[in-house]
Amino acid sequence: MYHYNDFDHEFVKTRTAEFRSQVARRIDGALTEDEFKPLRLRNGLYLQLHAYMLRVAVPYGTLNSVQMRQLAYIAERWDKGYGHFTTRQNIQYNWPKLGDIPDILDALADVEMHAIQTSGNCIRNVTSDHFAGAAADEIEDPRPTAELLRQWSTDHPEFQYLPRKFKIAITGSPNDRAVTRSHDIGLRMVRNDAGEPGYEVMVGGGLGRTPMVAKTVRDFLPKADLLPYLEAILQVYNLHGRRDNKYKARIKILVHETGLDPLKADIEAAFESIRKTFVHPKAELIADLEAAFAPPEFNNTRSLGFEDAQTANPAFRAFVETNVAEHKNPAYGIVTISLKPVGGAPGDATAEQMRLVAELAELYGHDEIRVSHEQNLILPHVRQSDIPLVYQRLLEAGLATANIGMISDIIACPGMDYCALATARSIPIAQEIATHFEARGLEREIGHMKIKISGCINACGHHHVGHIGILGLERKGQELYQITLGGDGRENMVVGERAGPGFSADALMDALDRLIDAYLTIRDGDEEAFIDTYKRLGAAPFLAALYPEETDDARAA
Amino acid sequence: MAKAFIPKIVSANDLMDGDVVYLTTQNTWSRQITEAAIALDETAAATLLSIGEERQDLIVGAYLLDVAIGNDGTPSPTHFREKYRLNGPSIDYLAPQKRSVVDAQTQHTLSEGA
């Protein structure tokens with residue numbers, strides 16, 4: 001993986017020292033909260049319902065064991081012993097104290113990490129495919145490009161005061177696991193007719209109160225043109241993006257209001273102008289980045305241990321079915337560690353669990369760890385013959401939940417249990433759904449299912465792209481949960497359709513039962529996933545199940 | 001007819017640790033809602049808020065919130081958001097983690113012995 005050079009080290013240390021002085025001045029009263037707030041937000045520090053929250057960037061979701069151990073140390077020394085992995089592949093600490101933040105940032109800098117640009121109207125952490133570098137379907141590892149984007153966007157003088165926050169996602173695979181079309185800019189690696197890799201560039205995606213699917217502005221952009229082209233998009237947005245209304249300030253609104261073709265023309269014009277004088281990164285830098293993400297030296301000897309263990313142990317076989325994905329090396333597997341124990345808080349991991357994951361990565365995983373936007377952890381390179389051992393260790397730590405892609409593998413934002421913006425709680429709903437369907441013994445029968453829950457309209461829980469999306473709102477002093485159906489975050493992204501009136505927390509589980517029971521009845525065989533049944537039959541049978549006539553009176557007003 | 005005034009108190013977050021605090025009758029900040037000063041009309045509410053806003057060195061973001069007054073005279077928030085602020089996360093947020101802490105420690109001991 002990439003290691004900081006002298007410039008990176010110096011930049012992060014200088015910034016941390018600067019923030020230490022700003023915190024000291026806030027504490028001694030020299031800075032008011034109005035003066036301090038924009039400074040703390042630029043360093044990832046929020047104030048939530050009960051405490052501060054520090055959001056730490058995990059660049060494109062990649063960590064090594066040293067970094068994971070440091071995250072564990074921070075959780076234990078300065079927080080309550082755990083951290084929360086987020087839907088943008090970052091980690092959040094829920095309980096840090098203001099006076100400790102500078103020390104935490106120093107501890108992060110020691111392992112080449114920081115919290116810069118995890119908040120504010122700037123280019124945020126670039127997210128990527130959590131299987132990058134390992135996926136069997138990958139054209140190229142997108143992380144050298146993602147790191148280049150990190151370096152380009154960090155402290156970029158022109159893009160520090162954008163109209164609104166700006167999110168970029170990149171994938172190197174045709175099968176999109178990074179929800180690129182829900183980002184301000186999505187980059188999807190494709191090949192041109194000559195077989196050269198480049199990027200499909202998509203602009204103006206987003207979730208939140210106005211969900212939009214990003215539109216393609218370039219079918220194929222040569223890799224060498226990427227930075228000047230992105231600079232052109234950002235320049236157009238910086239100039240023309242709305243600053244009069246926070247809710248209309250994202251680039252998706254600019255795309256929508258300007259129209260795709262006029263905007264494309266603006267971008268291309270800016271690109272033509274920028275490319276003439278653009279100082280491209282040196283070839284050595286690009287070569288260094290490629291080398292930093294070169295595949296590890298795989299051990300290609302296969303053994304029968306993997307198959308034998310599956311035959312001998314049905315629980316392990318079930319784990320492999322859901323949590324092990326195909327690796328580009330046939331002797332290896334990609335192991336997803338579920339942070340969704342039934343009844344647990346999605347995405348939370350204790351310091352001990354983090355240390356175990358670090359140890360397993362070191363012993364069996366070429367020292368690589370990934371964070372997924374679905375709030376799980378991944379060991380991307382595990383020899384198949386080592387997977388039974390890894391499974392055993394995970395099992396002993398309560399980390400072997402075999403539910404990836406299933407109904408209990410729920411994305412949920414922190415919701416009103418932590419978040420100052422939330423209008424309702426998310427985590428208890430996720431816990432109840434997971435517990436309920438486990439009790440009904442239906443999880444395996446239901447099969448592939450993505451439930452995503454947001455505790456407010458900002459949609460951190462990605463409910464718009466959930467097969468079943470749940471949005472928590474407030475209505476007449478009560479929490480109310482609105483259901484959307486048919487959302488899909490893959491390459492042909494679809495925004496889910498709102499089903500109808502919302503449900504109280506008490507009525508929600510019955511509504512989901514009706515929905516799931518209807519699906520099990522009408523699906524075309526056991527293999528047809530909920531989303532495929534929905535695409536085949538449309539909303540009608542699902543709406544009939546959610547809102548049967550006899551329960552009309554019980555509908556939320 | 002004018003709407004009946006809903007009693008109010010002033011809340012904020014502590015500057016240093018973010019804890020939820022309430023403005024008291026002594027014009028200090030307390031973590032106990034039972035010590036909160038209660039405004040019973042608009043004028044008292046405005047006064048309370050301005051006192052709260054003057055004490056920004058100790059807190060962040062003073063604001064008024066609606067309360068109901070119990071038989072013993074103590075205020076309790078009427079909105080569910082304020083109830084979660086008062087009582088902390090509604091989830092037993094350390095429970096699943098605590099279980100695995102024990103498991104991990106056991107495992108650690110086993111590995112050391114091996």
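This is a predicted model: local features need pLDDT of at least 70, side-chain atom pairs count only at pLDDT 80 or more; totals for chains, interfaces and linings use all residues.
Residues are numbered from 1 along each chain as its sequence is written, and chains are lettered from A in the order in which they are written. Local features need pLDDT of at least 70, side-chain atom pairs count only at pLDDT 80 or more, and totals for chains, interfaces and linings use all residues, while side-chain values use heavy atoms, with hydrogens and water left out.

Begin by colouring chain A by domain: domain 1 (6-110), domain 2 (142-292), domain 3 (305-396) and domain 4 (416-554), with bounds that come from an automatic or database domain assignment.

Next, select domain 3 and domain 4 of chain A, whose centres, taken over C-alpha atoms, are separated by 28 Å. Each of the two gives 10 residues to their contact (heavy atoms within 4.5 Å). About 760 Å² is buried between them, 52% of it from carbon and sulfur atoms; this is the accessible area (1.4 Å probe) lost on putting the two parts together, summed over both.

Then pick Glu374(A), which forms a salt bridge with Lys452(A), the closest N and O atoms being 3.3 Å apart. There are 3 salt bridges between domain 3 and domain 4 of chain A (a side-chain nitrogen of Lys or Arg within 4 Å of a carboxyl oxygen of Asp or Glu).

Finally, select Cys413(A), whose sulfur lies 6.2 Å from the closest cysteine sulfur, in Cys460(A), too far for a bond. The structure holds 0 disulfides over all chains (cysteine sulfur pairs within 2.5 Å). Cys413(A) is buried, at 8% relative accessible area, and Cys419(A) also counts as buried, at 16% (under 20%, 1.4 Å probe, protein chains only).

Key:
Buried means under 20% relative accessible area, exposed over 50%, partly exposed in between (1.4 Å probe, protein chains only).
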